[in-house]
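Work through the exercises below with the sequence and the model at hand. Each task is followed by a solution in steps.

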Amino acid sequence: MEKSLYFEYVAKYFPQLVLSVVEKLNDKNQASLTYLFKDLLRAQFSVDGRWESLSGLYTRVAADVVAMDSPLPLKQRDSLTRASGNLPKLGMELFLNEKQMTDIDTMIARGVNEQQLVQKIFEDTPRAISGIYERVEAMFLEGLSSGVALADSNNVGTGVRVDYGFLNANKFGVTAAWAANAATATAINDIEKVVKKATEDGNKIVKAYADKFWLDAFCKNQQVREQFAFLQGFVGNKIPVLSKDQATAVLQNRFGFPVEIVDRAVRTEKDGKQTINRPWKEGTITFVCDTQVGSLVWADLAEKNHPVSGVTYETADNYILVSKFRVNQPSLREYTRSQARVIPVIENPDRIYTLDIKTVQA
């Protein structure tokens, strides 16, 4: 690795550019950039590069009434479960080839506007940073909807699988698949089962998250439409399919918590082929009892503590190491690289409930 061919510009603009990219990606007003993990996870630094989640199967049992001077009955102690593992390394590289570098050299020779020149030199930086965010978001959404986060294997055959230990007792199916049985499926009753279980566990659901497949089925469900008509004081049998706002109003009025629709796609690339994936488990609604459901656990990279000579480094969001450098063999290339040791960890799975409207459960 050698110093960037455009070191003068890297030294001048790289720090502030990385900061501006992070600020833009964190801006909630950017409609096209949604990162649910930033809202629901708190950042946590790991000294030893491991993550760990403890969950307790706690129950509330009323105290016994005993006579004076009588012994107290012994109760069963609650149990703890533990999930843990090593933090994986995430990363990506992009490079300018000889043709692109020749174009930049021509721009410099012609004295083009410096802003245009900087944009061309650093056009890979936002992609490198957002690529880490995209992978974390994909893992988090898959984990929150299914209890297991998966990252496909890379070119050397390694992958990541994180099981958050969602309780089987908190995973619900439906009496009839909603999408195929809009007229007869009892969507309200199915949700009531989940709410009842949470109440019996001593938990209170504060919010739910679901995908568009769930929303469409919920809006078309006859029982839901009748519930909406009742709330509006409407009498009749010609109730139209509900809108998103009307459907979520039913959930809020009937059960006391809102639902947020997760309509998110993540683009991945392997062996030069790009694929669009929807990480949320289709047809699943997840009910949570906390405004934050876990931690974004991260650790320092070895390269941060032992920087390579000639490479220029900047840190994005504390845990993403962004670097620029050039290599001369096998051909001249100008690289932008991002790396991170980070993973989304969902905690307290005993306070999370899921309902899969595609799975029939007696």
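Accessible areas come from the Shrake-Rupley method with a 1.4 Å probe, and for residues only the protein chains shown count as cover. The model is predicted, so local features need pLDDT of at least 70 and side-chain atom pairs count only at pLDDT 80 or more, while totals for chains, interfaces and linings use all residues. Residues are numbered from 1 along each chain as its sequence is written, and side-chain values use heavy atoms, with hydrogens and water left out.

**Exercise 1. Describe the protein chain as a whole.**

Step 1. Take helices (H or I, at least four residues) and strands (E, at least two) as DSSP runs, numbered from the N terminus. The protein chain then has 10 helices and 17 strands.

Step 2. Find the surface: the protein chain exposes about 19,700 Å², and 49% of this comes from carbon and sulfur atoms.

Step 3. Apply the burial classes: buried is under 20% relative accessible area, exposed is over 50%, and partly exposed is in between (1.4 Å probe, protein chains only). Of the 362 residues in the protein chain, 43% are buried.

Step 4. Count contacts, meaning heavy atoms within 4.5 Å. Among those with a separation of 6 or more in the protein chain, 74% are between residues 24 or more positions apart.

**Exercise 2. Locate the nonpolar cores.**

Step 1. A nonpolar core is a set of buried Ala, Val, Leu, Ile, Met, Phe, Trp, Tyr and Cys residues joined through side-chain atoms within 4.5 Å.

Step 2. The largest core has 57 residues, and those touching the most other members are F37, I129, F140, L144, Y319 and I320.

Step 3. A separate second core holds 34 residues, including A176, W178, C219 and A247.

Step 4. Follow F37: beyond four places in sequence, F37 touches Y133, V136, E137, F140, L296 and Y319.

**Exercise 3. Which residues does T312 contact beyond four places in sequence?**

Step 1. T312 is in strand β14 (residues 312-316), and counts as buried because its relative accessibility is 14%.

Step 2. The contacts are F7, V10, F14, V322, S323 and K324.

Step 3. F7 belongs to helix α1 (residues 7-26). F7 and T312 are 305 residues apart along the chain, with 8.5 Å between their C-alpha atoms.

**Exercise 4. Compare D317 and N318.**

Step 1. D317 is in the loop between β14 and β15, and N318 is in the loop between β14 and β15.

Step 2. Phi is positive in each: near 60° for D317 and near 75° for N318.

Step 3. D317 is partly exposed because its relative accessible area is 24%. N318 is exposed because its relative accessible area is 54%.
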